[in-house]
Amino acid sequence: MEEVIFRMENIRKEFPGVVALDDVNLNVYDSKIMALLGENGAGKSTLMKVMTGVYKRTQGHMYYKGKAVDYKHPKESQEDGIAIIHQELNLINELSIAENIFLGREFKNVFGKIKWAKMYEESRILLDQLGMTEDPKTLVGQLTIGKQQLVEIAKALSLDAKLIVLDEPTDALTDTETESLFTVMKNLRAQGKSMVYISHRLKEIFEICDDVTILRDGKFIAEEKVENIDEDRMIELMVGRKLEEQFPKVNHKSGNIVFEAKNLNNKYLENVSFNVKAGEILGISGLMGAGRTELAKSIYGSYKINQGEISLDGEKRVINSPKDAIKNKIAYVSEDRKKDGLILDLSVKKNIHISALDTIRRKFGYLDVKKEATEAKSYIESMSIKTPSIHQKTKNLSGGNQQKVAIAKALITNPKLLILDEPTRGVDVGAKKEIYELINKYKKKGMSIIMISSEIPEILGMSDRILVMHEGKVSGELSIEEATQEKIMALAVGIKGDAND
Amino acid sequence: MQMTKSNKEFLIKYKSVIGLVVFSLIIAIFNDRFLTIGNILNVLRQTSINSVIAAGMTFIILTGGIDLSVGSTLALTGAIMASLLSSGVPLIIAVLLTILLGAFIGFLNGVVIAKGKVQPFIATLAMMTIIRGATLIFTNGRPISTGDFPAADQFYWLGSGKVFGIPAPIYVTVLIFALAYYLLKHTSLGRYVYALGGNEEATKLSGINVDLIKYKVYAISGALAAVAGLIVTARLSSAQPQAGSGYELDAIAAVVLGGTSLAGGKGGVIGTIIGALIIGILNNALNLMDVTSYYQLLAKGVVILIAVLIDRDFD
């Protein structure tokens with residue numbers, strides 16, 4: 001029988017007007033990794049905040065090592081050896097690794113002078129444990145996100161954490177970084193640490209977790225051994241319905257070439273040529289840093305093109321800014337909707353219209369807000385954006401609905417070419433399908449669509465044709481019939497396909 | 001006491017108005033001269049200069065910027081106006097030229113900030129010093145009289161004239177705030193100002209010419225500083241080389257008191273009126289109570305600090 005190290009029983013958490021958690025149970029087993037799974041808004045983060053004492057629970061009991069606990073402040077749970085690593089890392093870029101690990105707990109002599117040698121020595125031991133070869137004097141800002149995460153873990157270890165909560169740690173990681181994180185997690189498990197692992201990526205759960213707890217709409221749905229459950233069942237439990245087909249592929253005959261890029265060259269790109277036809281989805285695959293987003297932003301006028309040609313409907317176009325791009329009927333939905341896509345403090349309505357105010361401008365610059373509201377409402381309806389009203393600030397919407405607003409904002413400019421950069425990143429399973437259906441709807445209407453994605457199943461499931469990039473170059477093009485996961489990966493890592501290719 | 005949700009929302013929405021009213025009532029209890037029509041008009045007239053500058057500052061702060069050069073711009077434009085009038089330039093032309101000059105100074109700020117990628121604080125700090133220097137060179141450090149042409153008499157009316165018993169600067173202020181409100185609330189410029197303050201990168205990627213927005217808001221701020229310069233010069237019938245020193249800080253205080261976030265993207269011009277009035281009433285009340293000017297500064301600083309702290313708690 002496995003020993004439960006942390007038990008949460010019948011947890012209820014109410015916020016004014018909302019029940020965020022209702023009768024939720026969670027068991028964390030000794031020296032095991034528990035996956036915590038659920039759609040956005042299912043209550044995963046809230047549950048972790050209740051566990052660590054950030055929030056006070058309304059009802060329920062918590063036991064740590066068999067004793068009832070009642071943390072009122074995260075500091076108390078920290079002292080008990082519970083560490084949480086948030087998605088947004090709490091590190092200071094301008095300080096070194098060692099300074100970050102021991103921030104606020106520096107080793108000092110009686111005069112208050114920091115004992116640097118000891119700090120570096122202790123940091124070295126922690127970094128070695130995690131397989132990090134970096135000098136503890138390295139500034140955290142110079143590390144990759146993956147390494148920064150390891151520094152957070154080092155910090156947790158320095159606090160002698162017994163239980164570590166990782167909140168969607170792999171979202172920003174490359175595949176190799178993810179692999180090394182998993183190695184670290186496995187080592188920690190072998191050393192007797194327990195972990196709670198929150199992720200959207202079901203595949204990772206099979207790879208790294210022992211058990212899984214599934215939440216939906218703030219309720220406890222199931223706890224299962226990972227070996228006793230398959231992916232379809234997990235999705236079903238998460239969304240509460242069967243997802244017959246994750247990718248609702250639409251077969252639609254592509255038309256003439258609408259967009260063409262010839263020999264694009266700039267800081268990020270090398271001789272990139274391709275075209276997109278009417279009613280076609282061109283999937284662009286590649287590893288992180290392959291230049292996919294840079295390609296999109298170069299077409300969109302955000303990065304300067306030094307050499308090469310862009311043409312639309314057979315006519316050469318010069319695009320020097322996003323403004324030019326929109327005028328030429330090219331729209332771009334960024335991979336980072338919070339940073340590059342939306343203005344979170346503005347309402348849904350104002351975000352949808354921000355690129356198309358010309359269409360509602362009347363005499364004396366007066367904006368026709370009635371027409372604006374009607375149009376915004378029609379988008380909200382046709383895209384089933386869940387928002388209490390058009391006046392709601394976009395920051396209060398869930399990830400999936402924010403993404404739909406970002407897409408609506410592009411669609412309202414009436415583009416011929418729509419570039420979608422990671423359109424389902426950070427979006428839960430249910431909303432993903434809705435976004436796929438939406439993309440297909442506009443494909444059927446004859447729009448040319450470029451879809452950049454890091455998820456190969458998504459590329460395979462949605463595209464009509466696939467372009468693979470590697471180090472700023474197009475490393476290959478695959479028709480959907482010939483494309484397989486293996487062929488895409490081979491091109492993405494720069495291995496040439498067939499010799500005659 | 002349990003507050004209902006709508007009551008609470010009402011309180012938060014109108015907190016600055018409520019603050020202003022409560023503040024005025026307290027003063028009225030202690031001083032019976034405060035709530036006389038004469039005194040109220042006096043406060044409004046005195047507030048008009050800061051209000052006009054603060055209206056422009058609201059645009060800037062909403063974009064996430066700051067403009068420290070407005071006080072100097074007030075002085076230079078005032079001096080130019082006075083010398084134009086004293087050399088016989090017709091009133092309308094002189095007024096237009098002066099406002100244009102103010103707008104141009106602001107535009108230069110915008111260019112340095114947008115094209116030169118200089119922090120607004122630094123860019124306008126430099127401009128503040130440059131323009132003050134230019135003013136001292138132009139005036140030789142001495143006041144410039146508006147002269148004896150008939151235009152100067154007409155101009156004097158702008159500072160001290162009355163219509164229906166209400167001082168002319170109050171009309172100017174109301175007009176400017178109506179315009180500013182319209183621009184921010186009902187035009188695409190206003191929309192872009194909030195967008196830019198909320199998220200510059202996203203605004204750029206939405207196909208908006210962010211540089212152009214910056215030129216416009218700094219030009220608006222400069223133009224309104226010039227309008228304030230006109231009022232000050234008209235009232236005294238002369239331009240002082242040291243006019244407007246420190247006015248930028250009063251304007252920033254009014255904007256912040258009015259609930260506009262220094263980070264940009266949140267707030268508006270209605271709040272700025274309230275903010276300017278709170279500062280104006282405070283000055284007036286302290287005068288009525290015969291508090292010396294040294295203590296006035298101290299009191300003003302404390303009130304601003306308290307108001308901003310209360311404001312923060314509401315969020």
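I count two residues as in contact if their C-beta atoms, placed from the backbone, lie within 7 Å. This is a predicted model, so I noted that local features need pLDDT of at least 70, side-chain atom pairs count only at pLDDT 80 or more, and totals for chains, interfaces and linings use all residues. Residues are numbered from 1 along each chain as its sequence is written, and chains are lettered from A and ligands numbered from 1 in the order in which they are written.

**Chain A.** I looked up contacts between residues at least 6 apart in sequence: 67% join residues at least 24 apart. The C-alpha atoms fill a box of roughly 70 × 50 × 50 Å along the principal axes. I found 44% of the 501 residues buried (20 or more other C-beta atoms within 10 Å of the residue's own, C-beta atoms placed from the backbone).

**Cores.** I take a nonpolar core as buried Ala, Val, Leu, Ile, Met, Phe, Trp, Tyr and Cys residues joined through C-beta atoms within 7 Å. The largest has 163 residues; I419(A), I450(A), I53(B), L224(B), V227(B) and A228(B) touch the most other members. Helix α11 (residues 210-236) of chain B gives the most, 17 residues (helices are DSSP runs of H or I, at least four residues, numbered from the N terminus). Leaving out residues up to four places away in sequence, I see V227(B) touch V52(B), I99(B), V172(B) and I176(B).

**Contact.** Chain B puts in 20 residues and chain A 23. On the chain B side, α9(B) supplies the largest share, 6 residues.

Key
Helices (H or I, at least four residues) and strands (E, at least two) are DSSP runs, numbered from the N terminus. A residue is buried if 20 or more other C-beta atoms lie within 10 Å of its own, exposed if 12 or fewer, and partly exposed in between; C-beta atoms are placed from the backbone.
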